[in-house]
Amino acid sequence: MIVERTENPQWLSNSYLVADQEGGKGVLIDGNDELGPLLERAEQDGIEITHILVTHPHLDHVAGLAEAREKLGGPPMVAHPEAAAEIEEEVGETIGDGEKLSTGGLEIEAISTPGHAAGHLAFLVNGSDVFTADVLFKGTVGGTMAPGASGFDDLRASVMRLVELPPETRVHPGHREPTTVGEELEGNPFVRIWDGREQTGEEECTVWGRAATLKLWAPDYDGGNKAWIVFGDTGEEAIVGGSQVER
């Protein structure tokens with residue numbers, strides 16, 4: 001199986017070409033306005049791109065898809081119905097949790113992973129590689145306060161569902177470098193707390209001028225930090241960027 005990645009230098013978001021073999025069939029997963037090298041690789045290797053899969057509708061994951069689709073002759077875009085409603089480009093097919101799409105030697109299963117966004121999907125390809133977008137990253141997890149987020153409880157449930165995959169499963173996140181399920185089980189600080197191996201902190205802090213309790217301060221994919229906090233006024237739990245937290 002061929003997996004080719006590009007990374008946008010500003011957003012650090014990934015777009016992927018996934019194909020069964022040279023001269024075979026493949027798909028694009030997400031757009032990051034850096035799709036040119038993926039299209040060139042497909043043309044060079046004689047790969048027919050039959051579908052464009054969208055994990056969620058945020059700009060840094062759909063940028064450039066309309067142009068790429070036009071260059072490719074209009075293969076259908078595929079997304080969860082809730083995500084499709086938020087995407088300007090026409091979505092030709094919708095897919096839900098547990099549903100599968102086959103093309104060439106690829107079998108792609110949609111896994112519902114809300115939290116960072118309603119209608120967020122991960123895509124499990126041939127049982128060996130999972131494309132997790134903005135839910136699970138190397139060493140960290142996605143935020144829950146972006147537009148369209150469905151909240152902390154959904155995000156935690158989605159992450160814990162993904163780490164139930166076999167430990168050798170390769171994880172291709174929506175930002176930065178790949179990892180494996182086994183690596184995240186062992187070293188991801190959010191997972192280690194959520195499965196009961198570690199305890200939370202109780203540090204008082206301020207987020208957007210609101211008093212909060214800092215449950216976890218962890219590294220993030222961009223070299224900064226990610227924080228799990230609980231707002232004091234409402235009791236709402238959230239995952240936010242470390243730059244939002246005053247300690």
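Biologist: Leaving aside neighbours within four places in sequence, what is Asn 32 in contact with?
Modeller: Bear in mind that this is a predicted model. With those neighbours set aside, Asn 32 is in contact with Thr 6, Glu 7, Asn 8, Trp 11, Ser 13, Asn 14, Ser 15, Asp 60 and Ala 63.

Biologist: Which backbone oxygen does the side chain of Asn 32 reach?
Modeller: That of Ser 13, at 2.9 Å.

Biologist: And where does Asn 32 sit?
Modeller: In strand S4, residues 31-32.

Biologist: Is Asn 32 buried or exposed?
Modeller: Buried, because its relative accessibility is 0% and the cut-off for buried is under 20%.

Biologist: What about phi of Ala 133?
Modeller: Ala 133 is not a glycine either, and its phi is positive, near 50°. Ala 133 belongs to strand S12. It is buried, with a relative accessible area of 3%.

Biologist: What residue with a positive phi follows H1?
Modeller: Gly 46, with phi near 65°.

Biologist: Let's stay with H1. Which of its residues are buried?
Modeller: Helix H1 covers residues 36-44, and its buried residues are Leu 38, Leu 39 and Ala 42. Down the helix axis they fall within an arc of 100°, so they line one face of H1.

Biologist: Which exposed residues are on the face of H1 turned away from its buried side?
Modeller: Glu 40, Glu 43 and Gln 44.

Biologist: Which residues line the largest cavity?
Modeller: Asn 14, Tyr 16, Ile 29, Asp 30, Thr 55, Phe 131, Ala 133, His 172 and Gly 174. Ala 133, with its positive phi, is therefore in the lining as well as buried. S2 and strand S12 (129-133) each supply at least two lining residues. By class, the lining of this cavity has 4 nonpolar, 4 polar and 1 charged residues.

Biologist: And the pockets? How much space lies in the largest pocket?
Modeller: About 490 Å³. Its lining has 26 residues, and those nearest the centre are His 116, Gly 143, Tyr 221, Lys 226 and Gly 241.

Biologist: Which strands each supply at least two residues of that lining in the largest pocket?
Modeller: Strand S19 (225-231) and strand S20 (237-241). S20 gives the most, with 3 residues.

Biologist: How much space lies in the second largest pocket?
Modeller: About 220 Å³. The second largest pocket is lined by 14 residues, with Leu 59, Val 62, Ile 87, Glu 88 and Glu 89 closest to its centre. Strand S6 (62-63) and helix H2 (65-71) each give two or more residues to the lining.

Biologist: Which element gives the most to the lining of the second largest pocket?
Modeller: H2, with 3 residues.

Biologist: Last one. Where is Gly 73?
Modeller: In the loop between H2 and strand S7 (77-79).

Biologist: Is Gly 73 buried or exposed?
Modeller: Exposed, because its relative accessibility is 69% and the cut-off for exposed is over 50%.

Biologist: What separation do the C-alpha atoms of Gly 73 and Val 135 have?
Modeller: They are separated by 31 Å, and the two residues are 62 residues apart along the chain.

Note on methods: Residues are numbered from 1 along each chain as its sequence is written. This is a predicted model: local features need pLDDT of at least 70, side-chain atom pairs count only at pLDDT 80 or more; totals for chains, interfaces and linings use all residues. Side-chain values use heavy atoms; hydrogens and water are left out. On a 1 Å grid over the protein atoms alone, a cavity is a set of points where a 1.4 Å probe fits but cannot get out, and a pocket is an open set with protein on both sides within 12 Å along at least five of seven lines; lining residues have an atom within 4 Å of a point. Grid points are joined across faces, edges and corners, and a volume is the space filled by probe spheres set on the points. Helices (H or I, at least four residues) and strands (E, at least two) are DSSP runs, numbered from the N terminus. Buried means under 20% relative accessible area, exposed over 50%, partly exposed in between (1.4 Å probe, protein chains only). A polar contact is a pair of N or O atoms within 3.5 Å; within protein, one must be able to donate a hydrogen and the other to accept it, and residues adjacent in sequence count only if both atoms are side-chain atoms. Contact means heavy atoms within 4.5 Å. The arc is that of the directions from the helix axis to the C-beta atoms. Ala, Val, Leu, Ile, Met, Phe, Trp, Tyr, Cys and Pro count as nonpolar, Asp, Glu, Lys and Arg as charged, and the others, Gly among them, as polar.
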